[in-house]
Amino acid sequence: FISGFFLRSSIALLVFAVLVHIIPLAYGDTGAQEQLDFANGLFARQMYSMAISEYEKFIAQNPEHPKKARAYFLIGESFFCLKEYAKAIEKYREYKTQFPAGTDKIRASLNIIVCNIELKNYSAVDSDVSELLGGDLNPENKSELFYLAGLALLGEGKKEEGMQKLQSAAEAGGSRHAAAAAYQLGRSWWQENDFQKAGEFFQKAAQITDDSETKQLSLLGLSESELKLARYAEALQGFNQVVAEEKAGAEARDKAILGVIKVFSASERYPELIAFYNEKKEAIFSSAIRFESALLAAQACSKEGKY
C-alpha cells in the first residue's frame with residue numbers, strides 16, 4: 001500500500017512538473033505567434049513603419065523562434081516597400097548573413113539588385129548577379145535576374161551587353177519578366193530607329209504578358225512601329241484594340257486615340273479622321289494630346305475644304 005502510494009505520488013509530481021514547464025511554453029508560443037500575426041497584419045495593410053517596429057520586437061523577445069528568419073526578411077521587405085532602398089539592402093544582407101539557407105534568400109538577392117538599380121548603383125549588382133547565376137533558379141527567377149542585369153548594364157551605358165541580357169530574359173521563360181524584357185528591347189530598338197525589330201519585340205511582349213498595363217503599352221509600341229513602317233492597316237488594328245480595351249488606362253487610351261488619328265492622317269483618310277475625332281474628342285484626358293488631335297483634325301478639315 002505504501003509503495004503504491006509513493007508510486008502514485010511520484011507520478012503525480014512528475015506530471016505536475018511536466019505541466020509546469022509545458023503550459024508556459026505553450027502560452028509563450030501562442031503569444032509569440034499572435035505578436036507575429038499582428039506584425040504581418042500591419043505589413044498586409046501597408047503600414048510598413050509600424051510593421052518594422054513590431055517585427056523588431058518579435059525578434060528581440062523571441063530569439064529562438066522558428067519564424068525569426070521570416071521576420072528578418074519582412075523587415076527588409078518593409079523598407080523596400082517604403083522605397084528606403086539603402087536600408088532595405090542593409091536588412092536583406094543581414095538576413096542572408098544570419099540565415100544562409102533561408103527560404104527567402106533568392107528573393108532577398110533579387111531585391112538587393114532592384115534596390116541598387118533604383119539607387120543607380122549599377123556596378124554594385126555584379127556580385128549578386130554572379131551569386132544567383134551559380135544557384136538553382138526557376139524560370140521566372142532566371143528571367144527576372146537576366147532582366148535586372150540587363151537594366152543595370154543599360155544604366156551603365158553598356159547597351160550591347162544590356163540588350164544581350166534582356167534577350168536572355170525574354171527567352172528564359174516566366175511570363176512577367178520575359179514580357180518586360182521584350183518590351184524593353186522593343187523600346188531600345190525603337191531608339192535605334194529599327195522599327196521592324198522594335199515591332200517584333202513589342203509583339204512578343206503583348207503575346208506573352210499576363211499584365212494588362214504591359215499588354216497595352218506593348219500594343220501601343222507595336223502599332224507605332226507599324227505606323228513608322230507605313231503599314232497602316234496593322235497600325236490601325238492595334239490602336240483600335242487599345243481604344244476598345246476596357247482595362248486600358250486613360251494615358252494608354254489617349255495615345256491610342258491619337259494613334260488612330262495619325263494613321264488616318266498619314267493615309268489621307270480625312271473624312272474618317274474628322275468623324276473619329278468628333279466622336280472621341282471629349283474622351284481625351286491629356287491636354288497635349290487633345291491639342292495635337294485637334295490640330296490634325298483642323299488640317300484634315302482644311303484638306304477637305306471644311307472650315
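## Overall organisation

Of the contacts in the protein with a separation of 6 or more, 49% are accounted for by residues 24 or more positions apart. The model is a predicted one, and the protein in it contains 15 helices and 0 strands. Buried residues make up 41% of the 307 residues in the protein.

## Helix H13 and its packing against H14

The axes of H13 and helix H14, which spans residues 270-280, come within 8 Å and cross at roughly 160 degrees. Because angles over 145 degrees count as roughly antiparallel, this crossing makes H13 roughly antiparallel to H14. The crossing in which H13 passes H14 is left-handed.

On the H13 side, the residues that take part are Ile 257, Val 260, Ile 261, Phe 264 and Ser 265, and they meet Tyr 270, Glu 272, Leu 273, Phe 276, Tyr 277 and Lys 280 in H14. Sorted by class, the residues of the contact of H13 with H14 comprise 8 nonpolar, 1 polar and 2 charged.

## Helix H13 and its packing against H15

Helix H13 (residues 250-266) also packs with helix H15 (residues 287-303), at an angle of about 20 degrees and with the two axes 10 Å apart. Since angles under 35 degrees count as roughly parallel, H13 is roughly parallel to H15. The crossing of H13 and H15 is left-handed.

From H13, the contact draws on Asp 254, Lys 255, Leu 258, Ile 261, Lys 262 and Ser 265, while H15 contributes Ile 289, Glu 292, Ser 293 and Leu 296. The contact of H13 with H15 has 4 nonpolar, 2 polar and 4 charged residues.

When neighbours within four places in sequence are left aside, Lys 142 is in contact with Leu 137 and Ala 172. The pair formed by Lys 142 and Ala 172 is separated by 30 residues in sequence, whereas the C-alpha to C-alpha separation in space is 6.6 Å.

## Cysteines

The structure holds 0 disulfides. Cys 81 is in no disulfide, and the cysteine sulfur nearest to its own, that of Cys 115, is 10.0 Å away; a disulfide would require the two sulfur atoms to be within 2.5 Å. Cys 81 counts as partly exposed because its relative accessibility is 33%. Cys 115 is likewise in no disulfide, with the sulfur of Cys 81 as the nearest cysteine sulfur at 10.0 Å, and at 0% relative accessibility Cys 115 counts as buried.

## Positive phi values in two loops

Most residues other than glycine have a negative phi. Lys 120, a residue other than glycine, has a positive phi near 65 degrees. This lysine is placed in the loop between helix H5 (105-118) and helix H6 (126-133), and it is exposed, with a relative accessible area of 59%.

Ala 230, which is not a glycine either, has a positive phi of about 60 degrees. Its place is in the loop between helix H11 (212-228) and helix H12 (232-244), where Ala 230 is partly exposed, with a relative accessible area of 43%.

Technical notes. Residues are numbered from 1 along each chain as its sequence is written. This is a predicted model: local features need pLDDT of at least 70, side-chain atom pairs count only at pLDDT 80 or more; totals for chains, interfaces and linings use all residues. Side-chain values use heavy atoms; hydrogens and water are left out. Axes are lines fitted to C-alpha atoms, for helices over the stretch in contact, and angles run from 0 to 180 degrees between N-to-C directions. Helices (H or I, at least four residues) and strands (E, at least two) are DSSP runs, numbered from the N terminus. Angles under 35 degrees count as roughly parallel, over 145 as roughly antiparallel, 65 to 115 as roughly perpendicular and the rest as oblique. A crossing is left-handed if the near helix is turned anticlockwise from the far one by less than a right angle, and right-handed if clockwise. Contact means heavy atoms within 4.5 Å. Ala, Val, Leu, Ile, Met, Phe, Trp, Tyr, Cys and Pro count as nonpolar, Asp, Glu, Lys and Arg as charged, and the others, Gly among them, as polar. Buried means under 20% relative accessible area, exposed over 50%, partly exposed in between (1.4 Å probe, protein chains only).
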